[in-house]
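Try each task on your own before reading the solution.

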Amino acid sequence: MNVRRFVCATIVAAAFALAPSSAFAQDNPQALRQEIDQLRKDFEALKQQYGERLTALEKKLSAAEGTPPATPPAVEPPPVAEAPPAAAAPAEPAQPLPTYGSSVSNAKVFNPDMAVIGDFLGAAGKNPVNPTPALEMHESEVSFQAVVDPYARADFFLSFGQEGVNLEEGFITLTELPGGLLTKVGKFRSAFGKVNTLHNHILTWTDRPLVTQNLVGGEDGIDDAGISVARLIPNPWIFLEATGQVFRGDSGEDLAGNPVFQSTKRSELAYVTHLRGYHDLTENANLDLGFSYSYGHNGLSNGNVQDPGSLVTELYGIDATYRWKPLQRSLYRSFVGRGEYIWSRRDQPTGLQSGSGMYVSGDYQLGRRWFAGARFDRSAHAEDASLIDTGGSFIVTYWPSEFSQVRAQYRRTNYNTAPSIVSSANEILFQFQFSIGAHGAHPF
Amino acid sequence: MKRHLALFTIALLLAPVAARAQGKLNVMTTTEDLASIAREIGGDHITVEGIAKGYQDPHFVEAKPSFILKLQKADVLVVVGRELEIGWLPPLIQQSRNSKIQPGAAGYIDASLQASILEVPTGQVTRAMGDVHPLGNPHYWMDPENGKRIGKEIADKLSELRPSDKAFFQQKLTDFSTRLDAAEKRWLAQLAPYKGTKVVTYHRSFPNFAERFGLDIVGYVEPKPGIPPSPQHTLDLINDMKRQNVKIVLVEPYFDLKTPNAIGRDTGAQVLVMPPSVGGVKEITDYFTLFDYDIKMLVEAIKKTGAK
């Protein structure tokens, strides 16, 4: 009671202090009376609210006693949960209290947000070059995300695939560095282009484009241990962000089994730089442009006896994304058009191979749950730029809810496996994707 | 003497910084409702901008990089909380590079902290219930009583950030609350004759509104929160509405009207596009006109349909 009296006194004192002198001086007793009335009203309301809560709790308790199942009444100790607010903040309006459970489980509040995303793939039709299983639990991605301390947060993504477990990403993000530097340290997908930064479950296809498979390290892509620094470049016109990254120098493999980057000694680091420009064209449409450059060693011997090491691969990339989503109808209509062009310069003992690849894709949302899309692919091989694969896909996606999706993709690929030999593959690919656990952010 | 000179120089150097720190607080809010209330409290001592538009579903806002730029310059971020913004705000805050508005920092204001929150799930919560909010229904601003509490939360936090303006913010809060009390009395009186009127809403956006103004929400067009209408649920709802003689269907401006209109045709109920937010239609310019507009429309519809 003392606490309450103290708070009331404080409120009255505050009212005195704050009331503008003119109005207050004129009719002092009346203002005081109003104040008291207000306090009385507040107190009555409080009393009523507490009474309501008590009856609700009693009802709940009796209900819990009546039906014994899952939650024994002991798990919800109303008096324990009830005690602190009365003592701590009696003047605040009543509100349902968080249920903390027993004292032991209090440590749980510091558990990271956890989620699991399942990615099940099916394939029908023939593919002589890159056959995938008829049915596979392609990936189960487990994520743990939480704030580390007032200066940083951490994100872990473990990918359980057909071949075992892989740390897809695991990094700390320092949010409090001076100079507006957003810094990541750990293992993460590099900022090269657009599709390389995206996890499988965010893609609008069941697979990754040919250019990724041939030139940028396949499904794993440039995903390596390193340090990333990103800074916004202030200017009056657009969102402009420059990112610089240093990696150990190892990356995923292309379709032929050759890694894009492979470090043979400590000094053979890989570097990625990315410049992203973004602009809202209208309230409903925007344009996202990116320029990327990457440099690293490819693991092929440089033939130097004095200073053995490996040769260099350089990648250049341009990406563009156009998004349209009418704000008021955003649940039902949207369009994303995207393209990437990548140019690879791979130094090999036999000479420099300079080849390029690209994809263009479009995805249109037909309704709340339906999406239709198409993609065109074309890419040279990194090791032999004269060999050029092409392909095309049509995709239909259905969303039962925000947490699951079903997708079908028709894909035709012409693999240029050797000079003047082209083998075609016509396939139907299926995907079931489902997520449980913490509500993740929607991709943008 | 030398020391004094040094101190004087430092004071001179700091002076512009101190002066700048006393400029207008740059307040960002996630919704236009919060922007309107913040404007009431901060007056000309702050600048305010909302992220989500009032005619947009606040659950599904795109995390556009242009918002990052705005958050980067913010001194204060006011959020609805209760996980309403969970799908888009965390990446924006993270990339804002702004320590002032990180959750837990002084400039991060969760407007729900003093508000009365309904529909807090008890017992086990699973997604079988749809996109359920484990911390309670986040559409709590649709009750003027909560509007006052949101105002108080904002005034308290702004006062902490700007102790020199405390009296100003508290005065503005008192003024806002007084005007809101008067308006609430008027709104209550407008709806008083129709207490207990049965309505159906599309999403669970109106429980606080219904509780305050005495509406009885008997069903939802969505079978479960965030799940689009299904034929079976729609049929059940139509039968239920006929049995209970429900004549009003409230739909948020961002939902498709096909199913609600079909329900209306079948039951004779009137379908009202009722904005739950400031800016939902252009007539709703602030927190007061939000209730003015909604209640006027509702009363007219009730009179017309003779709903009970």
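**Exercise 1. Getting to know chain A**

Task: Find how many helices and strands chain A has, and what percentage of its residues count as buried.

Solution: Start with the elements: chain A has 5 helices and 16 strands. Keep in mind that you're looking at a predicted model. Next, burial: chain A has 444 residues, and 27% of them count as buried. Finally, take the contacts in chain A with a separation of 6 or more: 54% of them join residues 24 or more positions apart.

**Exercise 2. One serine in chain A**

Task: Work out whether Ser379(A) is buried or exposed, and list what Ser379(A) touches.

Solution: Now count neighbours. Ser379(A) has 28 other C-beta atoms within 10 Å, and the cut-off for buried is 20 or more, so Ser379(A) is buried. Then look at who's there. Leaving out residues up to four places away in sequence, Ser379(A) touches Leu210(A), Val211(A), Asn214(A), Leu215(A), Gly357(A), Ile388(A) and Asp389(A).

**Exercise 3. The parallel sheet of chain B**

Task: Give the strand order of the open 4-stranded sheet in chain B, then say which helices lie against this sheet's strands.

Solution: Read the order across the sheet: E2-E1-E3-E4 of chain B, with parallel pairing. The edges are E2 (46-50) and E4 (108-110) of chain B, each pairing on one side only. On average, neighbouring strands are turned by 20 degrees against each other, ignoring direction. Now zoom in on one pair: E1 (25-29) and E3 (76-79) of chain B are parallel over 3 bridges, and Thr29(B) has Val78(B) as its bridge partner in E3(B). Helix H2 (32-42) of chain B packs on the sheet and touches E1, E2 and E3 of chain B, with its direction at about 170 degrees to that of E2(B). Helix H5 (144-161) of chain B lies across E1, E3 and E4 of chain B, at about 160 degrees to E4(B).

**Exercise 4. Where the chains meet**

Task: Describe the side of chain B that touches chain A.

Solution: Count first: 43 residues of chain B contact 34 residues of chain A. Helices H3 (65-72), H4 (89-95) and H6 (166-191) of chain B each supply at least two residues of that side of chain B. The largest share, 5 residues, comes from H3(B). Now sort by type: this side of chain B has 17 nonpolar, 16 polar and 10 charged residues.

Technical notes. Residues numbered from 1 in each chain as written. Chains lettered and ligands numbered in written order. Predicted model: local features only at pLDDT ≥ 70, side-chain atom pairs only at ≥ 80, totals over all residues. Contact = placed C-beta atoms within 7 Å. Nonpolar A, V, L, I, M, F, W, Y, C, P; charged D, E, K, R; others polar. Pairing = 2+ DSSP bridges. Axes fitted to C-alpha atoms, helices over the stretch in contact; angles between N-to-C directions. Buried ≥ 20, exposed ≤ 12 C-beta atoms within 10 Å, placed from the backbone.
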